[in-house]
Every structure is written in structure tokens, then in C-alpha cells.
Amino acid sequence: MKNTEVLVIGGGPAGLSAAAEAASYGAKVMIVDSDLRLGGQLIKQTHKFFGSAFERAGTRGFVISDMLLDELKGYGDRVETYSNCTALGYYKDDGVVNCMEGEENYFKVLPKKILVATGAQERLIPFPNNDLPGVYGAGAVQTLMNVYGVVPGKRVLMVGAGNIGLIVSYQLLQAGVEVAAIVEAMPRIGGYWVHAAKVRRLGVPILLEHSIKEALGKDVVEGAIIQQISPGCGFIGEEIHVDCDVICMAVGLNPTCELLWQAGCEMKYVPQLCGHVAIRDRSMRTTNPNVWVAGDAAGIEEASSAMVEGRIAGLSMAHALGYVEDKEYREKSALYWERLNALRNGEASAKIREGIAQVLMESSGGMER
């Protein structure tokens, strides 16, 4: 049995930020992450971040990952990390978390406080032949290109015009891969216009109110059929044949929240946050007083917001453990919330604000400790 004060499940932007914050006050922290290296989505992101200087605007995602890991190294043996390590389950009766490192090293952890920062899973949509080799999620394409330096194919049909679909399309073009078209079922582009403008300037058509109808090919993807969508979500008009050897799905994410269910946290389905998420207070503490949540596991947002949520959670866990005085906790928490609200300001984040309002609860009397 391993013991730690803070167990961070998930080594992405939220988890690393929380671990750094808690460790900065003296807490002993353990990070477990299922990927081969820490960093989560940051290690795939070659584009520069928006936001403010506090959230490292103008810095590329993989560089931010290195900065967070360097920060953690500064705390020495106070921070213990496990990559290629999956948190298999949480046992509510005794608070034990079972973990598997690789395929053989099974161990148990008894933490005092837990942060669930498990990120999100990609959504897929059903269509004939969607199991053919050559049909990818956008995250898989990013991993191939930006982590391993492998292009997925020669000509791609992108399904989805949110930020991920637009950014990955641009990254494909940068890698010399042709993007035949981007199809979007909604009547408007879901991502930022600056990303859409980049791919449009490079000659990629963005077809609104269109979606994929069928993948073509016998053994691998050899093409696709796309078609216009009616207001009632049926296909209308003429079928359009697209020559491609890759179909990339960028149709949204769902929070990864199985451990939160196991921990008995009160959950709520919130469409604006893209799925079931945990009810939490302003410290990111859930209804299980020993469990916090941050990042995409708390609702799908940008990595900048995930990092600030992680800082809030890390600060709160350190405070709950007695490492932070009340006055400093209140002041720093207020500062982090100013930064988080600034990131969520504006029309593009209206749905996020609506969703957060549905799950944010007031802290109960002695909840902070």
C-alpha cells in the first residue's frame, strides 16, 4: 500500500497545475496518468495559446507542458509521478485507489485527498463502414503527427468545424497533407473564426449543414459520401463523393467521469458542459469531501481554463490539509477566480457560463477543512 497526501489522477494541464500548486505549499503529491508521458493534450498542441500572460498566451501547448513538468521537478521527492499507469477503481468504503502501471505492476494507494483530472473521451458518430482503417478521431491524428511525426494519410475529410477540427485541419496542411473539405452539421462554425480563416485562406472548403453519410472502401478508406442535412436532421439534396484516404472525426468530447461515479459524487447531466459532470463548489471540491475535480472531467473547456481550475483545486487541497492559512487561501482563490472568469468572458464562452451555473454549489459550513 502506498500513501500520499494528494493523489492526482490525470497528468494533463489540470492535473499538473494542481500538483504543482499543492506541492508548492508542502503537500506530498502523487500523479498517475495512463499515457506514456505526462502532459495530456498539451503534448499534442503545436499551436499558440490565446488568453492572457498568466495563462501563457502566445506559447505553444507542448512548451507549456515542459514548463509545468520543470516546475514539478523543483519540488524534488515531494512529487511522485507514474506514467503508463491507470487508476482502475476507487473504493468508497476505505478511500483506496487501485492502480496498474504497465501490465504487471499492480498497487494500491491510500490518499488523504484526490483530484480527478481524467480529461475527456472523443465522441464518434455512426455511419456505414465507420470501422474501416483510415477512420480516426482527431485526437488520434494529433498524436500520430505531433507526438510521433507520422502523417495519417494523403487526403483527409474532416468531420466537425469546432476548434479541434479547425486546428487539426491546419496542422494537417502544415504537415503536407491535403484536406479535401471540412463538413459541419450545424449552420455555423463552432470554432474561433481565426482558425477557420486560416484553413479557408489555404483553399479548404467548409460545408455547413453537411455531414458524412458513408465511408467508401473494402479494406481501407478509399472515399466518402457527404450530403446536406435538413433542419430535421435527415439527408437531403444530392450525394457528394469525396476522394480521401482518411476520415477524421472532430465531433466533440465527453467528460471522463467513471471514478467520480465510483466515489459517490453527486452528478448532473449538463449539455453545455458536454455530459455528466460532478456538482462542485468554488474550490472544485465535489460532494465527496475528499474528492476534487478539474479540467475536462469537470466540463469541456480550453486547456487554459483547465490549468486555472487545477490551480484552484491544488490550492484548496493544500488548504484542507492545513498547509495554507485561511487569509492567504481566500486571497489567492479570489485571484484565480478572477483569471478564470476572464477566460470565460465573451460570447464564445456563454454556454460554459450557463453550464457552470448549474453545477456550482455553495460551500457548506466546515467544508473547506
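Student: How many salt bridges does the structure hold?
Tutor: Side chains of opposite charge can pair when their charged atoms come close. In this predicted model, counting the salt bridges gives a total of 9.

Student: Which residue meets Arg311 in a salt bridge, and in which helix is that residue?
Tutor: The side chain of Arg311 meets that of Glu71, with 2.9 Å from N to O. The two residues lie 240 residues apart and link distant parts of the chain, for Arg311 belongs to helix α7 (residues 303-320), whereas Glu71 belongs to helix α2 (residues 61-73). The residue asked for is therefore Glu71, partly exposed with a relative accessible area of 24%, and its helix is α2.

Student: Is Arg311 buried or exposed?
Tutor: Buried means under 20% relative accessible area. Because the relative accessible area of Arg311 is 12%, this residue counts as buried.

Student: Which residues are linked with Arg311 in a network of salt bridges?
Tutor: The pair of Arg311 and Glu71 belongs to a network of salt bridges. Linked with Arg311 in that network are Glu21, Glu71 and Lys332.

Student: How many residues apart are Glu178 and Arg155?
Tutor: The side chains of Glu178 and Arg155 meet in a salt bridge of 2.4 Å, N to O. Glu178 is in strand β10 (residues 178-184) and Arg155 is in strand β9 (residues 155-159), so that the pair links distant parts of the chain, and the separation is 23 residues.

Student: What is the relative accessible area of Arg344, which meets Glu301 in a salt bridge?
Tutor: The salt bridge between Glu301 and Arg344 spans 2.7 Å, N to O. Glu301 lies in the loop between β19 (291-293) and α7, while Arg344 lies in the loop between α8 (326-343) and α9 (350-359). Glu301 is buried, with a relative accessible area of 16%, and Arg344 is also buried, with a value of 4%.

Student: Which element supplies the largest share of the lining of the second largest pocket?
Tutor: The second largest pocket has a volume of about 190 Å³, and of its 11 lining residues the closest to its centre are Thr46, His47, Lys48, Arg60 and Lys198. Both α4 (163-174) and α5 (193-201) supply at least two residues of this lining. The largest share, 3 residues, comes from α4.

Definitions and conventions. Residues numbered from 1 in each chain as written. Predicted model: local features only at pLDDT ≥ 70, side-chain atom pairs only at ≥ 80, totals over all residues. Heavy atoms only, no water. Salt bridge = Lys/Arg side-chain N within 4 Å of Asp/Glu carboxyl O. Helix = DSSP H or I, 4+ residues; strand = E, 2+ residues; numbered from the N terminus. Buried < 20%, exposed > 50% of the residue type's maximum accessible area, 1.4 Å probe, protein only. 1 Å grid on protein atoms, 1.4 Å probe; cavity = no way out; pocket = protein on both sides within 12 Å on 5 of 7 lines; lining within 4 Å. Points joined across faces, edges and corners; volume = space filled by probe spheres on them.
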